[in-house]
Amino acid sequence: MNLPSVSDYSLLEKLGSGSYATVYKAYKKDGCREVVAIKCVDKTSLSKSAIDNLVTEINLLKILKHEHIVEMRDFFWDEGHIYIVMEYCDAGDLSSFIRRRHKLPERICRGFLQQLALALKYLRTHNVSHMDLKPQNLLLTRKPQLVLKVGDFGLAQYLSNSEQKFAIRGSPLYMAPEILLKRKYDARVDLWSVGVIMYECLFGKAPYSSNSVQELAEKIKDTRPIELPKGCHVSCECKNLLLSLLKHDPDERITFDDFFAHDFLDLVHAPTKENYEKAVELIQQAVKMDTEKNPKEAFHLYCEALRYFIPILTNETEPKRKEILRSHVSNYIKRAEILKASCIEDDSEKDKYPQLEERPNPSMVQRVAFLNEQSSFVDRELRTLSKSTTKMADGLEIGEVAVQYLAEGNYALALERFQSCLGILVPLLKKEPAGRRRDLLHKQVQLWMKEAESTKGLLATKDIEESVQRGSDSFEQCMVQ
């Protein structure tokens, strides 16, 4: 195959082609010979709409600078072509990645969605809608670790949440129902596309796989409910986000703010440079509290730091850095477990319940069971005051069970119970009139919210164990397969 000649660049191979452009792998002849991707656009094949799209793409790429968006390095033209020089993504695209794996484990899906969400969050700050989100437009780089980058802004638009359009834009399989059915639409169309991408990641196919656009449109028009494949196993948070994205009515679809804040994505603890610095700062505070003999506060700080460190650890692919970080994280986990035990066995509880000391070498579980019997996890006055409100009493009882599970190391059940009790107590707290009972309930809710966050930190440590056992679930190992 004869490759075209481009001034200042040597073209190496064809990467792909579209209706009016071909993309080549290339390197600059002078300087560091950095490998790039060059999009060559044939001027003679451009319609007016194609020219408009190209101008929009170039103007957008001039200003969009983000680690999860493919960067434009340069653009120029000659008599027959326009050339857009982009960073080269050496690991292909998400579509190829899914095809090789057939479907992706939930934690790998979460990693890709986190990165896509970070890119979309940045785009929303510029009122930009991509309009053509699909696995083929999500490119992957392999070094220093597997990173997803949004590419191909040929159909992108400046579009706010309130502004509405009518033009058909995008790829039918990933196109929001309101576009496909030629209705008014706004920026929320990107959220539907994310839902289809998420579904394909998890199950290896789109939710409305069809043999033709007409068949697809009929399924959309019938508003057929999105069904998960039989026998599939996904977490409640994962299922909730997926079905919230795939709402036919955009008014019922999850909002951008709620999407970015969703528990499944947990963007707050995404593996970023800023979060690494935050984790280090939390560890420093934990060590300080530990040194000052404040075990409870040190425990919570260690757990909070782990929620930042563990995604960073599981995302790290450089062997030496990963091993050093794993060693540090392992020490933090051990210290958090020791502090947790000391909090249960602290002197104040011993003074409160001297009967414990009469038992020869009571185990942690025995201590927890005994303290639970004595209603130590809930202020006694609050328990008495709650008897007249059945729901409050039930919520407090569930919270006590949560604390017991936490002490026993059953973090999954502990978190489930904490979330359940807070789901009961928080609404009650909002309605509770001012007074002694409200003050005590507020204090208890705040305490269990903190315990729930710490439980999430300890639960995240299971990801390390599972990663070691499975071996193949890191991004880089997925790519090798």
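My entries follow, and they concern a predicted model.

**Backbone angles.** I started with phi. Most residues other than glycine have a negative phi. I then looked up Asn127, and its phi is near 55°, a positive value. Asn127 sits in the loop between helix H3 (106-125) and strand S6 (128-129). Is Asn127 buried, partly exposed or exposed? I noted partly exposed, because its relative accessibility is 39%.

Next I checked Asp266. Its phi is also positive, near 45°. I found Asp266 in the loop between helix H8 (256-260) and helix H9 (273-291). Its relative accessible area is 23%, so I wrote down partly exposed.

**A buried lysine.** I moved to Lys134, in the loop between S6 and strand S7 (138-141). Lys134 is buried, yet it has no salt bridge. Which side chain of opposite charge is nearest to Lys134? I found Asp132, 4.1 Å away. Leaving out residues up to four places away in sequence, I listed Ser171, Tyr174 and Ile197 as touching Lys134.

**The cores.** The largest nonpolar core has 82 residues. Which of them touch the most other members? I noted Leu94, Phe112, Leu116, Phe153, Met198 and Phe259. I followed up Met198, again skipping residues up to four places away in sequence. Met198 touches Cys109, Leu113, Cys238, Leu241, Leu242, Leu245 and Phe264. A second core is separate and holds 46 residues, including Val329, Ala414, Leu440 and Val445.

Technical notes
Residues numbered from 1 in each chain as written. Predicted model: local features only at pLDDT ≥ 70, side-chain atom pairs only at ≥ 80, totals over all residues. Heavy atoms only, no water. Helix = DSSP H or I, 4+ residues; strand = E, 2+ residues; numbered from the N terminus. Buried < 20%, exposed > 50% of the residue type's maximum accessible area, 1.4 Å probe, protein only. Core = buried A, V, L, I, M, F, W, Y, C linked by side-chain atoms within 4.5 Å. Contact = heavy atoms within 4.5 Å. Lys, Arg positive; Asp, Glu negative; His and termini not counted. Salt bridge = Lys/Arg side-chain N within 4 Å of Asp/Glu carboxyl O.
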